[in-house]
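Reader: I'd like to go through this model one feature at a time. Could you give me the general idea first and then the case at hand?

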Amino acid sequence: MKNKSELFFEKQLKEHGANVVISTDDGSAGRKGSASELAKEILQQEEIDAVITCGPEMMMKALLDYCDNITFQASLERYMKCAMGICGQCCIGKGLRVCKDGPVFDGKTLKDFEDFGIYRRDSAGRKIQF
Ligand code: FES
């Protein structure tokens, strides 16, 4: 999150017993800095069974690079046209389709994707660097 105004469901998550840790880019809530850096600190301090993530792909890539021996799953987003596996617009890696084969991929699969966290494709299929 950029700042405190972008936080949501904090109160509801805490009411349900979740251990909520927060980082904001400007430090207006929680720790100042990126979510991936905060997650790395937690992974160093605690025994974590699995990392399940969604959000900006560069953040997920940074986290994946840190999770060598931890079960890892990420939910990806790609520009979609057909959303049923026909057009190939949402392809990632070596021909997997986010709409049909995902959107959740495990860490082992993601590590084989040369484009994960590097680029996506726009509506015309052009590569857009993250
Ligand atoms: S959006 Fe067409 S294959 Fe995924």
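**Reading the model**

Author: Let's start with a salt bridge: the side chains of Lys-11 and Glu-15 meet in one, at 3.8 Å from N to O. A word on the ground rules: this is a predicted model, where local features need pLDDT of at least 70, side-chain atom pairs count only at pLDDT 80 or more, and totals for chains, interfaces and linings use all residues. Residues are numbered from 1 along each chain as its sequence is written, and side-chain values use heavy atoms, with hydrogens and water left out.

Reader: What is the general idea behind a salt bridge, and what counts as one?

Author: Side chains of opposite charge can pair when their charged atoms come close. The cut-off here is a side-chain nitrogen of Lys or Arg within 4 Å of a carboxyl oxygen of Asp or Glu.

Reader: How many salt bridges does the structure hold?

Author: The structure holds 9.

Reader: Where do Lys-11 and Glu-15 lie?

Author: Both lie in helix H1, 4 residues apart, about one turn of the helix. Helices (H or I, at least four residues) and strands (E, at least two) are DSSP runs, numbered from the N terminus.

Reader: Is Lys-11 buried or exposed?

Author: Exposed, because its relative accessible area is 59%; the scale is buried under 20%, exposed over 50% and partly exposed in between, with a 1.4 Å probe and protein chains only. Glu-15 counts as exposed too, at 56%.

Reader: Which residue forms a salt bridge with Lys-111?

Author: Asp-68 does, with the closest N and O atoms 2.6 Å apart. This pair links distant parts of the chain: Lys-111 is in helix H5 (residues 107–111), while Asp-68 is in the loop between H3 and strand E4 (71–75), 43 residues apart. Lys-111 is partly exposed at 41% relative accessible area, and Asp-68 is exposed at 57%.

Reader: What about the salt bridge of Asp-122 and Arg-126?

Author: The closest N and O atoms of Asp-122 and Arg-126 are 2.8 Å apart. Asp-122 is buried, because its relative accessible area is 13%, whereas Arg-126 counts as exposed at 53%.

Reader: On to rings. How many aromatic pairs does a search of the whole structure find?

Author: A pair of aromatic rings is described by the distance of the centres and the angle of the planes. For the cut-offs, rings of Phe, Tyr and Trp (its six-membered ring) pair if their centres lie within 6.5 Å; planes under 30 degrees apart count as stacked, over 60 as edge-to-face and the rest as tilted. The search of the whole structure finds 2 pairs. Phe-8 and Phe-9 make an edge-to-face pair, with 5.2 Å between centres and 80 degrees between planes. Phe-8 is exposed at 55% relative accessibility, and Phe-9 is exposed at 52%. Phe-105 and Phe-113 also pair edge-to-face, at 5.4 Å centre to centre and 75 degrees between the planes. Here Phe-105 counts as buried at 5%, and Phe-113 counts as buried at 7%.

Reader: Now contacts. Which residues does Thr-53 touch?

Author: Contact means heavy atoms within 4.5 Å. Leaving out residues up to four places away in sequence, Thr-53 touches Met-59, Met-60, Leu-63, Phe-72, Gln-73, Ala-74 and Ser-75. Thr-53 sits in strand E3 (residues 50–54) and is buried, with a relative accessible area of 11%.

Reader: And Lys-81, where is its place?

Author: Lys-81 is in the loop between E4 and E5 and is exposed, at 52% relative accessible area. Not counting residues up to four places away in sequence, Lys-81 touches Cys-87, Gln-89 and Ser-123. The C-alpha atoms of Lys-81 and Ser-123 are separated by 8.1 Å, and these residues are 42 apart along the chain.

Reader: How about a pair like Gly-95 and Val-51: what is their distance in space?

Author: Gly-95 and Val-51 are 25 Å apart, C-alpha to C-alpha, and 44 residues apart in sequence. Gly-95 lies in the loop between strand E5 (91–92) and strand E6 (96–97) and is partly exposed at 42%.
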